[in-house]
Amino acid sequence: MDFTYTDTQDMIRDTLSRFLADTYDFETRQKFIASDDGRDPAIWTALAQELGMLGASFSEDHGGLGGGALENAIIMEELGKVLGIEPYLPTVVIAGGALKAVGGAQADKYIPEIIAGNMIVAFAYAEPQGRYDLANLKTSAKKDAAGYVLNGHKSVVYAAPWASHLLVTARTGGGQRDREGVSLFLIDANLPGIVRRDYPTVDGSRASEIYFENVAIPAEALLGGEGAGLPLIEQIVDEATVAVCAEATGVMQKLHEGTLEYTQQRKQFGIPIAKFQVLQHRMVDMFMEVEQARSMTIMGTLKLGLSADERKAAVSAAKNKVARGAKFVGQNAIQTHGGIGITQELAIGHYFKRATMIEGQFGSADYHIDRFEQLTLAA
Amino acid sequence: MDMEFSPEDLAFQQEVRTFIAENYPADLRGKQDEGDELSKEDFLSWHRILYKKGWVAPAWPVEYGGTGWTPTQRFIFSEETARADCIRLMPFGLAMVGPVIYTFGTPEQKARFLPRILSGEDWWCQGYSEPGAGSDLASLRTVAVPDGSDYIVNGQKTWTTMAQHADWGFFLVRTDKDAKQQEGISFLLIDMKSPGITVRPIITLGGEHEVNEVFLEDVRVPQAQRVYEENKGWTCAKFLLAHERTGIAGVAASKRGVEKVKEIARTEVDGDKPLLQNAFFKRKIAELEIDLTALEFTELRSLAGPNAGKGPGPESSLLKIKGSEIQQRLTELTLEAVGHYGAPYFRGFGDGDNEHPIGPDYAHRAAPTYFNVRKTTIYGGSNEIQRNIIAKMVLGL
């Protein structure tokens with residue numbers, strides 16, 4: 001048993017954190033999320049080409065650094081600390097994870113493109129009626145001579161306005177909620193028949209509603225077996241779930257640090273409010289949630305390679321704990337800041353917004369504790 | 001970073017399992033399953049078995065009789081003993097005063113006391129708390145006045161666990177009334193058979209005699225039994241409390257406790273289904289289990305992370321707070337699970353009592369244990385004090 005990071009992992013964290021300290025202060029971030037494009041594309045290029053960050057979790061055969069889920073967690077935590085909106089999660093963790101899992105020619109073709117920063121992938125999996133159920137799909141992919149014809153509506157697809165490619169879940173068979181008949185496709189984002197409605201999200205990112213209207217996609221867009229894609233989709237969503245737990249850990253740490261700093265400066269009744277025991281105990285409780293979020297992220301990350309049921313139980317335990325912790329830390333950070341905490345002016349409120357969105361991302365605390373119970377508490 | 005046990009660790013795990021299966025006393029297993037009160041002899045029988053094997057003090061340095069195990073092996077050992085429902089050894093000698101003596105004691109003190117702690121010949125108790133002081137430990141008023149080569153000690157201690165059995169006690173006493181609160185305290189080892197010591201039982205809510213009041217009237221204690229410098233006892237006290245806190249996270253025991261609650265909830269019927277299918281009850285168990293996992297991995301990070309081997313720091317307060325809260329939630333769920341049969345009250349159905357308790361075997365200790373375990377957020381420095389420690393030492397407030 002060993003819970004220390006390797007030298008390479010420490011190097012990844014240090015390199016990224018130095019880069020973000022130079023390029024990603026809060027004011028700069030606010031400027032580019034307010035721009036038309038909603039991001040600064042130079043940062044993505046720098047992450048890929050100057051820092052080699054996008055290759056951290058890929059094998060050396062594909063031109064990466066040979067890491068995996070732990071490297072993803074390190075990078076996501078650092079992005080969390082600066083409220084990074086870069087599409088690392090959908091591109092590297094999710095699409096990259098799917099490509100690593102299927103391997104072969106598709107992996108050889110796309111992974112080097114991801115590492116080079118040439119590709120941004122958005123993950124189009126949720127549908128308006130589906131909530132967190134990955135199999136509840138109305139989007140269909142009907143086979144024809146050339147490949148498939150895609151029809152349907154995907155909701156709240158983060159990073160879609162920036163994406164060169166879409167990773168799409170669709171039914172190639174079965175009924176709306178069947179586990180069988182689900183397939184995964186990696187397609188060009190600009191194919192004819194794809195209609196997007198773009199919008200900003202409350203946590204500073206960009207997303208789209210995507211409508212597929214008789215979109216012709218080639219047969220080789222299929223990742224994994226036709227109709228048997230759900231286990232793969234569940235696996236990559238679990239990987240994504242612990243990755244957002246890692247991001248949440250970074251976000252929660254900043255919420256906590258910001259609160260400590262503020263209470264030491266802000267005076268009431270003639271003394272810094274940090275001297276009040278009731279606030280000290282609240283900040284200790286926040287500290288304990290941050291530490292436990294970190295513990296659960298590590299636990300979930302290390303269990304990604306186990307059997308599907310063990311992996312799901314571990315990931316759900318992690319997400320449930322992190323979601324509860326994120327709510328607690330976020331709400332108490334705002335409360336402790338008082339009125340200034342609910343303004344757009346201070347960073348703290350923006351961290352709270354991201355923490356709140358993470359609570360529900362890939363399943364709420366209730367969704368995950370349900371899944372945990374089904375797997376571990378059979379009567 | 002990995003959670004894997006090495007082949008050596010797996011072999012060690014098997015060795016521990018086999019040892020417990022072959023050596024843990026059968027009558028003790030029975031008592032433990034019934035949740036009966038354990039006698040001094042019960043504790044000592046398991047203590048002596050582990051001593052004979054050389055496993056009684058895994059955390060001690062090898063030169064003083066420790067095992068030389070890695071943190072992982074120690075983790076495995078505590079997991080396995082909890083899994084097998086082995087009783088937990090009394091911490092006062094092994095986990096508390098022992099480390100103080102080998103860290104701060106004189107060569108004579110080490111030679112005299114450590115072997116007898118290991119063998120179980122001496123049963124120790126802790127003289128820290130005082131009436132009116134509680135978690136404000138430094139406000140203690142028991143005084144030790146030099147008299148030749150001795151001290152004359154006067155005062156009163158309270159909440160002294162298992163003092164009724166103790167051969168020796170380690171006491172915090174005031175040796176300088178004029179110094180600042182924490183600077184005039186000394187750490188004394190006192191023979192509990194010394195003239196002038198009276199031990200009076202305190203019966204707690206569950207009906208148990210676990211804690212006592214200890215009165216000291218003109219008790220003569222050789223100065224050679226003072227550990228570390230005069231007036232520097234606070235250093236020993238802080239060291240000891242940090243050690244105590246790590247122990248009382250109790251992760252392995254709570255993991256076993258969760259399994260037991262689940263077993264009860266599978267047996268108990270709610271409507272026409274097992275209680276474990278009641279959505280609300282199930283949710284409470286699941287949340288507890290997840291919180292316990294978070295505590296476990298936080299403890300593992302401190303055992304096998306970058307700060308491993310540096311000894312327990314103020315972060316150990318986190319383990320104490322969360323560990324004690326989880327222990328309480330466990331007993332709460334158990335009491336809730338047994339329903340009506342939480343109510344019947346029993347006294348003294350230990351040795352020699354043949355009457356079978358009312359209700360299922362797992363029910364009759366549910367309420368007393370629930371009452372008893374309210375102590376965990378109070379002892380060892382209340383959880384409020386632990387929060388003060390984190391606020392000051394970790395957060396710098």
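Predicted model: local features only at pLDDT ≥ 70, side-chain atom pairs only at ≥ 80, totals over all residues.
**View 1. The contact between chain B and chain A.** This contact draws 43 residues from chain B and 42 residues from chain A. About 4,100 Å² is buried between the two chains, and carbon and sulfur atoms account for 68% of that area. Three residues, B:Met1, B:Arg301 and B:Leu397, provide 22% of the area that chain B buries against chain A, more than any other three residues.

**View 2. Polar and charged pairs across the interface, and the side that chain B presents.** Seven salt bridges cross the interface of chain B and chain A. One of them pairs B:Asp291 with A:Arg324, whose closest N and O atoms are 2.8 Å apart. The interface of chain B and chain A also holds 15 residue pairs in polar contact, both residues being at pLDDT 80 or more. On the side of chain B that touches chain A, the elements giving two or more residues are α4 (71-83), α8 (251-267), α9 (279-304), α10 (316-338) and α12 (383-394) of chain B. Helix α9(B) gives the largest share of this side, with 16 residues. Sorted by class, the side of chain B that touches chain A has 22 nonpolar, seven polar and 14 charged residues.

**View 3. Strand β1 of chain A and its partner β4.** Strand β1(A), residues 121-124, is covered on both faces. A:Val121 and A:Phe123 lie on one side, A:Ala122 and A:Ala124 lie on the other, and all four are buried. Strand β1(A) runs parallel to strand β4 (residues 165-171) of chain A, and four bridges join the two. Within this pairing, A:Phe123 stands opposite A:Leu167 of β4(A).

**View 4. Strand β7 of chain B between two pairings.** Strand β3 (residues 150-157) of chain B and strand β7 (residues 209-222) of chain B run antiparallel and are joined by seven bridges. In this pairing, B:Val153 is opposite B:Val219 in β7(B). Strand β7(B) also pairs with strand β6 (residues 197-203) of chain B, in the antiparallel sense and over seven bridges. Here B:Thr198 is the residue opposite B:Phe215 in β7(B). The hairpin of β6(B) and β7(B) has five residues between the strands, and in this hairpin B:Gly207 adopts a positive phi near 90 degrees.

**View 5. The loop that holds B:Gly68.** B:Gly68 belongs to the loop between α3 (40-53) and α4 of chain B. This glycine, B:Gly68, is classed as partly exposed because its relative accessibility is 48%, between the limits of 20% and 50%. Along the chain, B:Gly68 and B:Trp55 are 13 residues apart, and their C-alpha atoms are separated by 9.9 Å.

View 6. Side chains of opposite charge can pair when their charged atoms come close. Over all chains, the count of salt bridges comes to 46. In one of chain A, A:Arg39 pairs with A:Asp37, with the closest N and O atoms 3.8 Å apart. A:Arg39 counts as buried, at 14% relative accessibility, whereas A:Asp37 is partly exposed, with a relative accessible area of 37%. A further salt bridge brings together the side chains of A:Lys143 and A:Glu226, at 3.4 Å from N to O. A:Lys143 lies in strand β2 (residues 140-143) of chain A and A:Glu226 lies in the loop between β8 (222-223) and α7 (230-265) of chain A, so the pair ties together parts that are 83 residues apart in sequence. A:Lys143 is exposed, at 61% relative accessibility, and A:Glu226 is partly exposed, at 38%.

View 7. A:Arg371 and A:Asp238 form a salt bridge in which the closest N and O atoms are 2.9 Å apart. A:Arg371 belongs to helix α11 (residues 365-376) of chain A and A:Asp238 to helix α7 of chain A, so this pair ties together parts that are 133 residues apart in sequence. Both A:Arg371 and A:Asp238 are buried. Elsewhere, salt bridges with shared partners link A:Arg13, A:Glu77, A:Glu78, A:Lys81, A:Glu291, A:Arg294 and B:Arg301 into one network.

Note on methods
Residues numbered from 1 in each chain as written. Chains lettered and ligands numbered in written order. Heavy atoms only, no water. Contact = heavy atoms within 4.5 Å. Buried area = accessible area lost by both parts, 1.4 Å probe. Salt bridge = Lys/Arg side-chain N within 4 Å of Asp/Glu carboxyl O. Polar contact = N/O pair within 3.5 Å; in protein donor to acceptor, adjacent residues only side chain to side chain. Nonpolar A, V, L, I, M, F, W, Y, C, P; charged D, E, K, R; others polar. Buried < 20%, exposed > 50% of the residue type's maximum accessible area, 1.4 Å probe, protein only. Pairing = 2+ DSSP bridges.
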